[in-house]
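Please consider the structure shown below.

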Protein chains: 2
Amino acid sequence: MPSGITVTAGNEFDSLWLVKGTIVEESSLTPSPMAPVTNPRVLFAKIPKDFPVPGETTVYDTTQTIDLESVPLNGGFLLKTLVLSIDPYMRGRMREPEIESYMPAYPLGEPPYEPRLAVGKYVYGIIPHQAYNVTPSMEGLIFLEKNPMLPWTVFLGAAGMPGLTAYCGWKEFSKAKKGETAFVTTGAGPVGSMVIQLAKRDGLKVIASAGSDAKVEFMKEIGADVAFNYKTTNTRDVLAREGPIDVFWDNVGGEMLEAALDHANINGRFLECGFISAYNTDEQGIKNFGQVFGKSLQIFGILVLRLGQKYATEFYQEIPSAIASGELKYSEDASHGLGTVGDVILRVQKGWNNGKTVVIVADE
Amino acid sequence: MPSGITVTAGNEFDSLWLVKGTIVEESSLTPSPMAPVTNPRVLFAKIPKDFPVPGETTVYDTTQTIDLESVPLNGGFLLKTLVLSIDPYMRGRMREPEIESYMPAYPLGEPPYEPRLAVGKYVYGIIPHQAYNVTPSMEGLIFLEKNPMLPWTVFLGAAGMPGLTAYCGWKEFSKAKKGETAFVTTGAGPVGSMVIQLAKRDGLKVIASAGSDAKVEFMKEIGADVAFNYKTTNTRDVLAREGPIDVFWDNVGGEMLEAALDHANINGRFLECGFISAYNTDEQGIKNFGQVFGKSLQIFGILVLRLGQKYATEFYQEIPSAIASGELKYSEDASHGLGTVGDVILRVQKGWNNGKTVVIVADE
């Protein structure tokens, strides 16, 4: 008989969860016996050679069951996953465990797992990709207030880790001045679209790129002055015409970063947030890095894990309500069921998603 | 009959000169006639494919003469070159003029020339590589006080542009904290050796690399805690043992930069000052640039042309006297005569020089 039951209102492959729950007294638990139910999960089964292969590098597994009434909690908490977030950076953790990086490799044969969890109303944290989890700890979670105007999935995107990434990076490093020019890559994604809107708030001219015409339309809707599809338009031509760039938000790396280096203004600031172009291939190398001293550039690595906390309070005070009021816009790409996770991971790595990718696992 | 005569006390291929001179009244000029004298010069004759080829990419030319008595000055100044400076960055200007960079390409068939000159006591500026120059302008020069303890060549090195490069870059961007670890490349050169000594002043542990055992000895003499010859010792092994690196001073780029990225500490600062490894070859590309966000690195491009002025006053107040007192040390590699310039340019690109490379052209 568990000492407490929580209902998980959010989950992610390894990063961000909403957890809803209350600790109930043992005496108040319903005494009626429950049969074990399936506890589906997604396993990290094999390290990808290049792109992840759904069903091979990740496997949807339904062999486990859980008795929600009698699972031993040992003072911990039972969590029910509601929604989860799929993000580009996850590819970096699908690697050999001996390669060091800013987050540990996923353990093979298990749902990727982080030892941080929590209970209490709605919270945001890190647990395995599984319908139900039992966890001993509730350290490191952010508690969230439900906003009746917003679905919980927004707290995985524009009002979650990606939005906070954009917010803390822009506030800390852009040194943006009215009238300057920013170039934002992956401008239709949850990070890039927030950056576009923050840059417009600060009075910058914004050039934004993405990989489909639908994404270009969205970037225009949210205020980009120049929006283009990098697959059909030459990036260097656009930058030659609309630049030089004072602030570059880089989610891509590779040739896009090289183009930005060549079209940077003197004293430009480069905000390095991700390298989606290199996550699934051997990194080709940045060939014109010498521009960094030729143009007196400043380059800042952004990792929300380290920088986010400094800005989290003002972010949660400001951003969810600005989204609810319609002042800030977002776009979301939702699928349903843990069984879609493998496909959705590949969608994100391929850029086939339209906006923040979330998986809706269960109702509250 | 010239309206004024100046004596140039310094020169450089294109960058930094000491100019000594006084404007004299026409009436006080010695009336005795002077015969024309040879006015030797160094011409930039051909763009190098890789390394410069003395006698081919630069040509020493003695076909010109000058009549020091009667050369028309039109209100300008006659300058006599005394010493000049040869620096690694000069290779970057030996290029096709249509390629843009932070300094213009040298014009083919002429002594590389900058339109900035001056007269008055001792000054530091930019004029062509030529024994005597007539110039109309004295804008943009720094006036220097002679220090009886120091030869003028020091004002081309430790107390000149390279020293100021180290000084302004370190003060502006290192954010050095006592007890941190710095890694300094080309640590026996005029920039690197100043960085080593500034880092030691700030209480850092200093790892330093150079390309010969003699240079390693010099780096130890000036205070490096760990000094190694990168040609005979594996850089990555040293950094694995002595790192991680909090501050990286990069004069090299390429594999050295990649090694530093892999061995950087979280929140490390990279001070990018030069890419000697790539000046004479196709740039190979930096393959592990993704460390910049994984480790929350900050990277700063340093160009003394832009940043130096902010620190020039305190630099000239502090550094020449610290060199004269022996508190700060330097090493110098001097040759004699404009005819040696072509060879010396190659020496610098190959790293065969030992310390700051200067050419002594004439006596005061």
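A residue is called buried when its relative accessible area is under 20%, exposed when that area is over 50%, and partly exposed in between. Arg201(A), at 34% relative accessibility, therefore counts as partly exposed. The model discussed here is predicted.

We begin with the overall make-up of chain A. This chain has nine helices and 19 strands. Of its 364 residues, 59% are buried. Among the contacts in chain A that link residues at least 6 apart in sequence, 69% join residues at least 24 apart.

The largest nonpolar core holds 151 residues, and the members that touch the most others are Trp170(A) and Trp170(B). If neighbours within four places in sequence are set aside, the contacts of Trp170(A) include Ala176(A), Ala182(A), Val195(A), Leu198(A) and Ala199(A). Asp202(A), Leu204(A), Val247(A), Trp249(A) and Leu271(A) are also among the residues in contact with Trp170(A). There is a second, separate core of 51 residues, and its members include Phe183(A), Val238(B), Leu257(B) and Val292(B).

Leu164(B) is found in helix H2 of chain B and is buried, with a relative accessible area of 7%. Apart from neighbours within four places in sequence, Leu164(B) is in contact with Val304(B), Gly308(B), Tyr311(B), Ala312(B) and Phe315(B). The C-alpha atoms of Leu164(B) and Val191(B) are 8.2 Å apart in space, while the two residues are 27 residues apart in sequence.

Thr153(B) belongs to the loop between strand E12 (142–144) and helix H2 (161–173) of chain B. With a relative accessible area of 6%, Thr153(B) is buried. Its side chain is joined to that of Glu332(B) by a polar contact of 2.9 Å. Beyond neighbours within four places in sequence, Thr153(B) is in contact with Val83(B), Glu332(B), Val358(B) and Ile360(B).

We turn now to charged pairs. Over all chains, the count comes to 24 salt bridges. In one of them, Arg201(A) pairs with Glu327(A), and the closest N and O atoms are 3.0 Å apart. Glu327(A), with a relative accessible area of 46%, is partly exposed, as is Arg201(A) at 34%.

In chain B, a salt bridge of 2.8 Å, N to O, is formed by the side chains of Asp333(B) and Arg347(B). This pair links distant parts of the chain: Asp333(B) is in strand E19 (residues 332–336) and Arg347(B) in helix H9 (residues 341–350), 14 residues apart. Asp333(B) is buried, with a relative accessible area of 13%, whereas Arg347(B) is partly exposed at 27%. In chain A, Lys177(A), Glu180(A) and Arg269(A) are joined into one network by salt bridges that share partners.

A further salt bridge in chain B joins Lys177(B) and Glu180(B), whose closest N and O atoms are 3.6 Å apart. Lys177(B) is partly exposed, with a relative accessible area of 48%, but Glu180(B) is buried, at 10%.

The remaining topic is the contact between the chains. The size of an interface is often given as the accessible area lost when the parts come together. Between chain A and chain B, the buried area is about 2400 Å², and carbon and sulfur atoms give 63% of it. In chain A, the residues that lose the most area to chain B are Phe289(A), Phe293(A) and Arg306(A), together 29% of what that side buries. The contact takes 29 residues from chain A and 29 residues from chain B.

What polar links are counted between chain A and chain B? There are eight residue pairs in polar contact, both residues being at pLDDT 80 or more, and zero salt bridges. Strand E16 (264–272), helix H7 (291–294) and strand E17 (298–301) of chain A each supply at least two residues of the side that touches chain B. The largest share of that side, four residues, comes from E17(A). By type, the residues on the side of chain A that touches chain B divide into 16 nonpolar, eight polar and five charged.

Methods. Residues are numbered from 1 along each chain as its sequence is written. Chains are lettered from A and ligands numbered from 1 in the order in which they are written. This is a predicted model: local features need pLDDT of at least 70, side-chain atom pairs count only at pLDDT 80 or more; totals for chains, interfaces and linings use all residues. Side-chain values use heavy atoms; hydrogens and water are left out. A nonpolar core is a set of buried Ala, Val, Leu, Ile, Met, Phe, Trp, Tyr and Cys residues joined through side-chain atoms within 4.5 Å. Buried means under 20% relative accessible area, exposed over 50%, partly exposed in between (1.4 Å probe, protein chains only). Contact means heavy atoms within 4.5 Å. Buried area is the accessible area (1.4 Å probe) that two parts lose on being put together, summed over both. A salt bridge is a side-chain nitrogen of Lys or Arg within 4 Å of a carboxyl oxygen of Asp or Glu. A polar contact is a pair of N or O atoms within 3.5 Å; within protein, one must be able to donate a hydrogen and the other to accept it, and residues adjacent in sequence count only if both atoms are side-chain atoms. Ala, Val, Leu, Ile, Met, Phe, Trp, Tyr, Cys and Pro count as nonpolar, Asp, Glu, Lys and Arg as charged, and the others, Gly among them, as polar.
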